[in-house]
Each structure stands twice: as C-alpha cells, then as structure tokens.
Amino acid sequence: MTTTPSDGPAAPMPVVVLLPDGQEVTARLWARRETTRGWLYQVGLPAYHNTEDGDVQAAEYRVWVRAPEHVRPVGGVSYDTVPTERLPPPSTVRQVLGPRRRSGWVLQKAGGRGPGRAVLHAVDYEEAPQGAPLLPLERALDVAEQPARLCSLCGAAQELDPVLRGFDHIEGG
C-alpha cells in the first residue's frame, strides 16, 4: 500500500543521515519503503558536480538507506506527507499460523565413533549447531538413512519420519 499526499508529490523533508565515517549530514527525505527486512528511506545527500565547461554546480545524490540505523528525524518536522510504501498486510492464514519456519535441517556431529553419533535438527532449533551447512530435504533424507538420529524435540523426527517410512506407520492413519 502506497500513501501519497492528495495534492501531488510532497516537497522533501529534512532528515539527518549518518555517514559511514560517523559524520552527520542534513539531507532531504524523498520516500520511505517498508521491506521484509525493515524500512528503507530514499534520501538526497547534498553534493557538487562538475559541468562540461569546468564549472561547479550544486547537486544531490539520491540513495536508499536503512532506517533507523542511518537516519535520524529532525526535531519539530512532521513526516506525515512523505510518500510511504508499506508491505501488504499478511493474509488471514498467515496471521493465524504465524510466520513460516525456515526450511532445512542441520547435522550436529557428536564426538566418538559408532552409529547414532550424529543428530539431525530443524534449522531453527536453538540447540542446533550455529554455522552448520543447511541441508535441503533430499540431503537430510540421505543423512537420516545413515546412522544418525532424528531430533524429536525440534520436530525433525516428526517431519522426516513419514517421508522415510511412509505415512502408514503413523498411529490413527
């Protein structure tokens, strides 16, 4: 959903931009965009450019920056008229079910030798090893057929067992 003032495009509003070297510069806020990773603000940073005849002219460099990490409001300024692009609201199904879990599995290798020394976990399980390679379904099934255990606490066993053994062994099925 995009909101734009009814009387045409708004004049850009002043905003403070934090530059990578720590400087703070007053820039012009042209637009805001909500993304799945947070907000982006399109700002116009003051600059100069050289003309073909060797003159120097004032210019503006426009760039999208992350908010609030790279921008700060200017006291007393209202940003209500800034064109704003919002994400559509989640579907009713997504609202009821909540956010989707990342798909994939990770293998936790235990010390020692012998069967059952590795455990397959859902990727979002808090006890899963951080930084372990993400295994897609086909690779997770290959690993599960080896001497590895499927974690029942994180749901790996409940998700992969029916695929490995078929759905007939599930009680009540």
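First, what we are looking at. This is a predicted model, in which local features need pLDDT of at least 70, side-chain atom pairs count only at pLDDT 80 or more, and totals for chains, interfaces and linings use all residues. Residues are numbered from 1 along each chain as its sequence is written, and side-chain values use heavy atoms, with hydrogens and water left out.

The protein has three helices and 10 strands. Both are DSSP runs numbered from the N terminus: helices are H or I with at least four residues, strands are E with at least two. Starting at the N terminus, the order of elements is β-β-β-β-β-β-β-α-β-β-α-β-α. Of the 173 residues, 28% are buried. Buried here means under 20% relative accessible area, exposed means over 50%, and partly exposed is in between, with a 1.4 Å probe and protein chains only.

Now the charges. Side chains of opposite charge can pair when their charged atoms come close. The rule for a salt bridge is a side-chain nitrogen of Lys or Arg within 4 Å of a carboxyl oxygen of Asp or Glu. How many salt bridges does a search of the whole structure find? It finds three.

One of them is between Glu 60 and Arg 28, with the closest N and O atoms 2.7 Å apart. Glu 60 is in strand β5 (residues 56–67) and Arg 28 in strand β3 (residues 24–35), so this pair ties together parts that are 32 residues apart in sequence. Glu 60 also forms a salt bridge with Arg 62, where the closest N and O atoms are 3.0 Å apart. Through shared partners, Arg 28, Glu 60 and Arg 62 are joined into one network.

Arg 33 lies in strand β3 and Glu 85 in strand β7 (residues 84–85), so the pair ties together parts that are 52 residues apart in sequence.

Next, the rings. The charged end of Arg 33 sits over the ring of Trp 64, 4.1 Å from its centre. The charged end of Arg 62 sits over the ring of Trp 30, 3.5 Å from its centre. To count, NZ of Lys or CZ of Arg must be within 6 Å of the ring centre and within 35 degrees of the ring normal.

On to the sheet. Strands of a sheet pair through backbone hydrogen bonds, either parallel or antiparallel. Here three strands form an open sheet in the order β8-β9-β10, with mixed pairing. The edge strands, β8 (105–109) and β10 (149–150), each pair on one side only. Two strands pair if DSSP finds at least two bridges between them. Strand β9 (residues 118–122) and β10 run parallel and are joined by two bridges. Val 119 stands opposite Arg 149 in β10.

Last, helix α1 (residues 92–97), which holds Val 96. At 67% relative accessibility, Val 96 is exposed. That is where I will stop.
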